[in-house]
2 protein chains.
Amino acid sequence: MTETVLYDYWRSSASYRVRIALNLAGVAYSTVPVDLVKGEQRSPEHLARNPQGFVPALDIDGVRLTQSLAIIAYLDETRGLDLLPTDPIQRAKARALSYAIAIDIHPVCNASVAAHAREISGREDAVDRWMQRFIRPGMQAFETMMGAFTQSPYCCGTTPGLADICLMPQIYNARRWGVEIDDLARTTAVERT
Amino acid sequence: MTETVLYDYWRSSASYRVRIALNLAGVAYSTVPVDLVKGEQRSPEHLARNPQGFVPALDIDGVRLTQSLAIIAYLDETRGLDLLPTDPIQRAKARALSYAIAIDIHPVCNASVAAHAREISGREDAVDRWMQRFIRPGMQAFETMMGAFTQSPYCCGTTPGLADICLMPQIYNARRWGVEIDDLARTTAVERT
């Protein structure tokens with residue numbers, strides 16, 4: 001058994017997802033912080049871990065993995081987390097719900113993307129405005145899509161799943177950037193669970 | 001057996017991925033165009049299909065699915081496409097490679113995101129510059145990550161997989177936006193396959 005090491009940053013949503021999955025899996029791990037504010041993700045040391053220059057990266061079972069959704073699928077497959085329904089149609093719907101956040105909100109609101117938006121706009125408040133422009137409609141669509149599931153009490157069932165893992169960091173970010181989400185009844189009900 | 005209908009747009013990368021997967025699966029389907037340039041994705045009719053207002057949506061097996069990666073996983077699981085390796089570690093690496101495009105390049109370069117970037121910058125050439133800013137480094141990282149696989153001749157093996165399905169529309173977009181990729185030897189070798 002090799003040591004499990006998570007290369008992460010405390011405010012990274014993708015790292016946050018992997019921390020949730022590691023905890024659900026009961027895998028003990030240590031962390032190596034990669035300070036995104038200081039630009040440590042672009043250091044040769046970190047680029048050797050992940051050519052994309054992103055966190056997280058995870059050393060586990062003797063290999064190094066990247067991409068939070070790939071890591072979570074790996075933990076699900078090797079640690080039996082049951083993060084997705086077993087029926088293929090329900091799996092597809094649960095994946096679509098998760099991806100509505102993980103693919104359509106989060107990457108667009110990545111810190112480096114928002115920083116670039118500020119650069120090209122020349123406005124001091126451009127980052128806040130960028131976040132608000134994309135987070136609110138994305139979470140409204142998520143709320144509507146969740147209507148396909150019975151809330152009980154997690155997004156897609158009685159146990160935490162992939163959509164919950166994607167949602168919790170997104171809620172943190174919505175609040176961080178002053179995005180109104182209190183009217184999203186299903187979303188905030190999951191938050192309170 | 002219900003009819004399979006793809007709601008798509010010819011220039012959408014996500015629709016393009018699903019068309020590839022449907023063809024690999026040998027599933028006959030008809031298409032309903034949703035003209036993104038005319039804004040048809042925001043019509044009440046399309047929002048009823050997909051609350052996110054994106055293409056593609058797919059009617060198949062009596063249900064409606066959204067999110068290209070969720071649809072492709074569904075086709076893989078129900079039509080045995082073998083789009084991912086069976087070994088969990090290799091699966092995780094193949095997923096990470098695919099997601100480096102599908103999560104980290106494509107959503108940031110979504111037409112509506114680039115259009116918003118143009119709006120806040122006030123520059124006529126902002127869309128081209130936005131695409132170039134994010135596509136080139138993303139594809140360089142993809143090229144490096146592909147080094148973990150033996151090219152034979154597809155991204156991850158001897159048969160087309162998820163990474164190839166994500167790569168082909170991305171290559172089309174790179175060329176469309178004038179992004180230099182001819183120096184990416186592995187990437188262009190897949191293109192020529």
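Predicted model: local features only at pLDDT ≥ 70, side-chain atom pairs only at ≥ 80, totals over all residues.
Local features need pLDDT of at least 70 and side-chain atom pairs pLDDT 80 or more, while totals for chains, interfaces and linings use all residues. Side-chain values use heavy atoms, with hydrogens and water left out.

**Exercise 1.** Determine how helix 4 of chain B is oriented relative to helix 6 of chain B, and which residues make the contact.

*Solution.* Step 1: helix 4 (residues 88-102) and helix 6 (residues 126-146) of chain B have axes 9 Å apart, at an angle of about 170°. Step 2: helix 4 of chain B is therefore roughly antiparallel to helix 6 of chain B (angles over 145 degrees count as roughly antiparallel). Step 3: Ala96(B), Leu97(B), Ala100(B) and Ile101(B) of helix 4 touch Phe142(B), Met145(B) and Met146(B) of helix 6 (contact means heavy atoms within 4.5 Å). Step 4: by class, these residues comprise seven nonpolar, no polar and no charged.

**Exercise 2.** Describe the interface of chain A and chain B by its residues, buried area and salt bridges.

*Solution.* Step 1: chain A contributes 40 residues to the contact, and chain B contributes 40 residues. Step 2: the area buried between the two chains is about 3,700 Å², and carbon and sulfur atoms give 71% of that area (accessible area, 1.4 Å probe, lost on putting two parts together, summed over both). Step 3: four salt bridges are found across the interface of chain A and chain B (a side-chain nitrogen of Lys or Arg within 4 Å of a carboxyl oxygen of Asp or Glu). Step 4: Arg95(A) and Glu77(B) form a salt bridge through their side chains, with an N to O distance of 2.9 Å.

How values were computed: Residues numbered from 1 in each chain as written. Chains lettered and ligands numbered in written order. Axes fitted to C-alpha atoms, helices over the stretch in contact; angles between N-to-C directions. Helix = DSSP H or I, 4+ residues; strand = E, 2+ residues; numbered from the N terminus. Parallel < 35°, antiparallel > 145°, perpendicular 65-115°, else oblique. Nonpolar A, V, L, I, M, F, W, Y, C, P; charged D, E, K, R; others polar.
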